[in-house]
Amino acid sequence: MAQLSQGRLKDRRPLSIIDIGSNSIRLVVYEGLARSPTLLFNEKMLAGLGRGIVSTGKLDPEGVTRSMEEFRRFRALSEQAGAEKMYVLATAAAREAINGPDFIQRAEDVLGTKIQVLTGREEAHYSALGVISGFHPADGIAGDLGGGSLELVDVRGEEIGEGITLPLGGLRLQDMAKGSPVAAAKIAQAELARAKLLKGGQGRTFYAVGGTWRNLARLHMNATNYPLEVMHHYQMDPVSLVPFLRQVARGEVEKIKGIEGVSKNRRSLLPYGALVLQEIITAMKPEKIVVSALGVREGFLFSLLEEQEQRGDPLISAAEELAVLRARSVRHAHELVEWTRSSFAAFGIEETEEEARYRHAACLLADIGWRAHPEYRGRQSLNIIAHASFIGVDHPGRAFLALANLFRHDGVFNDSFAPELKELATPRYLERARILGAMMRVVYLLSASMPGVMPKLRWEDRGNGVLALVIPREFGQLYGERPAGRLAQLAKVTGRKLVLAVEDGPSIAVK
């Protein structure tokens, strides 16, 4: 570990997971076991193990042969990446096929480790844990659509309800319907009638998990010209989504913008994924559909964490890791969290729990762009944050984090860049991003980006609506025109009368 690049966290021990699904097999090497796991290496193959299982009862012979060849490579890649532990999970096709036990034995010999063949209940449980780990908090029905099965389970905070497994995976549904969309719709409707838990999801969120639904969501992003190409927490309105799903279900995917980004092997399954999602919308009547990039693999990782780690905030965890890797001082970042909290209170700016979390994360991320050229620090920081693999944050919140950093570097009145993110952020988040960016611009000129000063700064009510930022006498030489100019910008965005002052010394009233 001593030879690691400084771009890696040195307290992490890599581990890998091989996920043997009915359609795809994926190797993921993680930097380490953490509340917000980071991918070190990621590769998949579309083996199609479950193709034809309805008619033959067996795993696809060609898929089995190709899988064994790829297992050798996946094992070598895992070792090459330095994974100290490899977990192998198998789902619907391997557990249901007549030749499943023989396949598992052969795979174990090649991989050199025990394979955990998940029951339907276990698959639903880990899928639910994946959703719980990725949202803060989760509240709704998690649906994980694979090639062989659909797992549905109710999640509410950290509580997991009874799950159900249905034979509605894309490959299986295609086989059962003999390629007929009309027959597939009837099968999906009949099977989902057994999922009584969907009724309990009315007016709540449906969390869509699995590659087929992620590809549908990506096509929907393209069709609607959505401004942020981040899959996790992409939100869709069920009512407006239905016409799009009908178009896909009719097999008209080749006409949809962005279809070239979906592999040809997956395209044939998109109509079946669309049909199942249509029937879920009809049966559940969710308020919204939200895509989860986390599923069984991440849920399994989450189960390995200590209980205290599981209760951690995934967004704050990821933001702190980025601060460790890129900021000049992590301690300064933590001081900024507390100073902006007290500053918001002094200005009478109330925060919801979610808004406080987002401000916290934005402060941890405030200095990650310092190595860039000064003219590009804002835009580089915005791009890193907007497209980072964060979890536990919705897209408006992600836009807030990115814009706060843009304003911190480029000025609070810079409206020439990222108009699409400003629209995504909502007016309330946009206003708060400006205020937070303005506060950062003041305090960075007083702290030189180093710790020790911020905890000693204080806001003082001078009466008549005047608020003074008081610098302690020991740091009096930091007082000057530049920070006063930045304070004037803060005064403008907050509509407050502000004064920069030294304790028992001079002061500058700003306008």
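**Loops, pockets and charged pairs**

Student: Between which two strands does the loop that holds Asn464 lie?
Tutor: The model is a predicted one, in which local features need pLDDT of at least 70 and side-chain atom pairs count only at pLDDT 80 or more, while totals for chains, interfaces and linings use all residues. Residues are numbered from 1 along each chain as its sequence is written, and side-chain values use heavy atoms, with hydrogens and water left out. Helices (H or I, at least four residues) and strands (E, at least two) are DSSP runs numbered from the N terminus. With that numbering, the loop of Asn464 lies between strand E12 (458-463) and strand E13 (466-471).

Student: Is Asn464 buried or exposed?
Tutor: Buried means under 20% relative accessible area, exposed means over 50%, and partly exposed is in between, using a 1.4 Å probe and protein chains only. Because the relative accessibility of Asn464 is 76%, this residue counts as exposed.

Student: What is the phi of Asn464, and what is the phi of Lys178?
Tutor: Most residues other than glycine have a negative phi. Lys178, found in the loop between helix H6 (170-176) and helix H7 (181-192), is exposed, with a relative accessible area of 75%. Both residues have a positive phi without being glycine: for Asn464 the value is near 55°, and for Lys178 it is near 50°.

Student: Which peptide bond is cis, with omega near -10°?
Tutor: Most peptide bonds are trans. With omega near -10°, the cis bond runs from His136 to Pro137.

Student: Which helix gives the largest share of the lining of the largest pocket?
Tutor: On a 1 Å grid over the protein atoms alone, a pocket is an open set of points where a 1.4 Å probe fits, with protein on both sides within 12 Å along at least five of seven lines, and lining residues have an atom within 4 Å of a point. The largest pocket is lined by 49 residues, and Arg26, Arg214, Ala293, Arg297 and Glu298 lie nearest its centre. The elements that give two or more residues to this lining include strand E2 (25-30), helix H8 (211-223) and helix H12 (296-304). The largest share, five residues, comes from H8.

Student: What is the volume of the second largest pocket?
Tutor: This pocket is lined by 20 residues, with His233, Gln235, Lys288, Val290 and Asp394 closest to its centre. Among the elements that each supply at least two lining residues are strand E11 (288-292) and helix H18 (395-410). A volume is the space filled by probe spheres set on the grid points, which are joined across faces, edges and corners. For the largest pocket it is about 1100 Å³, and for the second largest pocket it is about 340 Å³.

Student: How far apart in sequence are the parts that Asp19 and Arg297 tie together?
Tutor: A salt bridge is a side-chain nitrogen of Lys or Arg within 4 Å of a carboxyl oxygen of Asp or Glu, and Asp19 and Arg297 form one with their closest N and O atoms 3.0 Å apart. Asp19 lies in strand E1 (residues 15-20) and Arg297 in helix H12, so the parts that the pair ties together are separated in sequence by 278 residues.

Student: Which residues are linked with Arg95 in a network of salt bridges?
Tutor: Arg95 forms a salt bridge with Glu151, where the closest N and O atoms are 3.8 Å apart. This pair links distant parts of the chain, helix H3 (residues 92-96) and strand E7 (residues 150-156). Arg95 counts as partly exposed at 23% relative accessibility, whereas Glu151 counts as buried at 1%. The residues linked with Arg95 in the network are Glu96, Glu123, Glu151 and Arg172.

Student: Which side chain of opposite charge is nearest to Glu279?
Tutor: Glu279, in helix H11 (residues 270-284), touches Ala185, Ala188, Gln189 and Leu192, where contact means heavy atoms within 4.5 Å and residues up to four places away in sequence are not counted. Lys and Arg count as positive and Asp and Glu as negative, with His and the chain ends not counted. Glu279 is buried yet has no salt bridge, and at 9.0 Å the nearest side chain of opposite charge is that of Arg246.
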